[in-house]
Amino acid sequence: MAWLRFVTLLAWGLMSLVPSAMAQDPDVLLVANADVDTHHLTRDTTRAIFAMRQRTWPDGQAARVFVLPSSHPVHARFVKERLSVYPHQLQLAWDRVVFSGTGQAPNRVRTQGEMLEQIASTSGALGYLQREYLDDRVQVISME
């Protein structure tokens, strides 16, 4: 009986740690070119832009999407944690717009360094980076 009480208390203690861990800032952030006037996006809008279904920012400016290769661990983390989809689902969305002739796939970059350079130098650009790659040439876009 004492053992069961101990396990229950331990479980409650561990559960109390989960909200504080979830409240921490994400490691992979949504970033945009400094000229973008939008500073906040919903998850649905972000998902639509990355799926290439929405081609503009909410203010009408053209959105230029940059992504890392599907096999890159930062790409997988961003897509799963921030967009709440799997990388293969996003790839299917890209394939659908390309093969139907209604759009094009996002711009691919090989590294986070290249992602930073492309976002910093492309008007309306949107992508994602780990916190340590950020500098003052790009802005973080908050997302709910």
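From the N terminus on, the elements of the protein chain follow the order α-β-β-α-β-α-α-β-α-β-β-β. That makes 5 helices and 7 strands. Here helices (H or I, at least four residues) and strands (E, at least two) are DSSP runs, numbered from the N terminus. The model is a predicted one, in which local features need pLDDT of at least 70 and side-chain atom pairs count only at pLDDT 80 or more, while totals for chains, interfaces and linings use all residues. Residues are numbered from 1 along each chain as its sequence is written, and side-chain values use heavy atoms, with hydrogens and water left out.

The protein chain has 144 residues, and 38% of them count as buried. Buried means under 20% relative accessible area, exposed means over 50%, and partly exposed lies in between (1.4 Å probe, protein chains only). Contact means heavy atoms within 4.5 Å. Among contacts between residues at least 6 apart in sequence, 68% join residues at least 24 apart.

**The sheet**

Strands of a sheet pair through backbone hydrogen bonds, either parallel or antiparallel. In this model, 5 strands form an open sheet in the order β4-β3-β5-β1-β6, with mixed pairing. Its edge strands are β4 (107-108) and β6, each of which pairs on one side only. Two strands pair if DSSP finds at least two bridges between them. The table lists residues that stand opposite each other in paired strands.

| Residue | Stands opposite | Strand of the opposite residue |
|---|---|---|
| Val31 | Gly127 | β5 |
| Val31 | Val140 | β6 |
| Ala32 | Gln139 | β6 |
| Val65 | Leu126 | β5 |
| Val67 | Arg108 | β4 |

Strand β1 (residues 28-33) has 6 of its 6 residues buried, so it is largely enclosed by the rest of the structure. On one side, β1 and strand β5 (residues 125-130) pair in the antiparallel sense over 5 bridges. β1 is also joined to β6 by 3 bridges, and these two strands run antiparallel. The parallel pairings involve strand β3 (residues 64-67), which pairs with β5 over 2 bridges. β3 and β4 are likewise parallel, over 2 bridges.

**Gln139 in strand β6**

Gln139 belongs to strand β6 (residues 138-140). Its relative accessibility is 13%, so Gln139 counts as buried. What does the side chain of Gln139 reach at 2.7 Å? It reaches the backbone oxygen of Val36. The side chain of Gln139 also makes a polar contact with the side chain of His39, at 2.8 Å. A polar contact is a pair of N or O atoms within 3.5 Å; within protein, one must be able to donate a hydrogen and the other to accept it, and residues adjacent in sequence count only if both atoms are side-chain atoms. Not counting residues up to four places away in sequence, Gln139 touches Leu30, Val31, Ala32, Asn33, Ala34, Val36, Thr38 and His39.

Ala120 is in helix α5 (residues 112-121). With a relative accessible area of 23%, Ala120 is partly exposed. Leaving aside neighbours within four places in sequence, Ala120 is in contact with Asn33, Arg137 and Val138. From Ala120 to Val138 the C-alpha distance is 5.6 Å, although they are 18 residues apart in sequence.

Thr122 lies in the loop between α5 and β5. Thr122 is buried, with a relative accessible area of 17%. Asn33, Arg64 and Phe66 are touched by Thr122, again not counting residues up to four places away in sequence. Thr122 and Ala34 are 88 residues apart along the chain, and their C-alpha atoms are separated by 9.4 Å.

In helix α2 (residues 43-50), the buried residues are Thr45, Thr46, Ala48, Ile49 and Phe50. The helix is followed by Met52, whose phi is positive, near 70 degrees.

Met52 also lines the largest pocket, which has 13 lining residues; Met52, Arg55, Ala63, Arg64 and Gln104 lie nearest its centre. A pocket is found on a 1 Å grid over the protein atoms alone, as an open set of points where a 1.4 Å probe fits, with protein on both sides within 12 Å along at least five of seven lines; lining residues have an atom within 4 Å of a point. The largest pocket holds about 200 Å³ of space. Grid points are joined across faces, edges and corners, and a volume is the space filled by probe spheres set on the points. By class, the lining has 7 nonpolar, 4 polar and 2 charged residues. Ala, Val, Leu, Ile, Met, Phe, Trp, Tyr, Cys and Pro count as nonpolar, Asp, Glu, Lys and Arg as charged, and the others, Gly among them, as polar.
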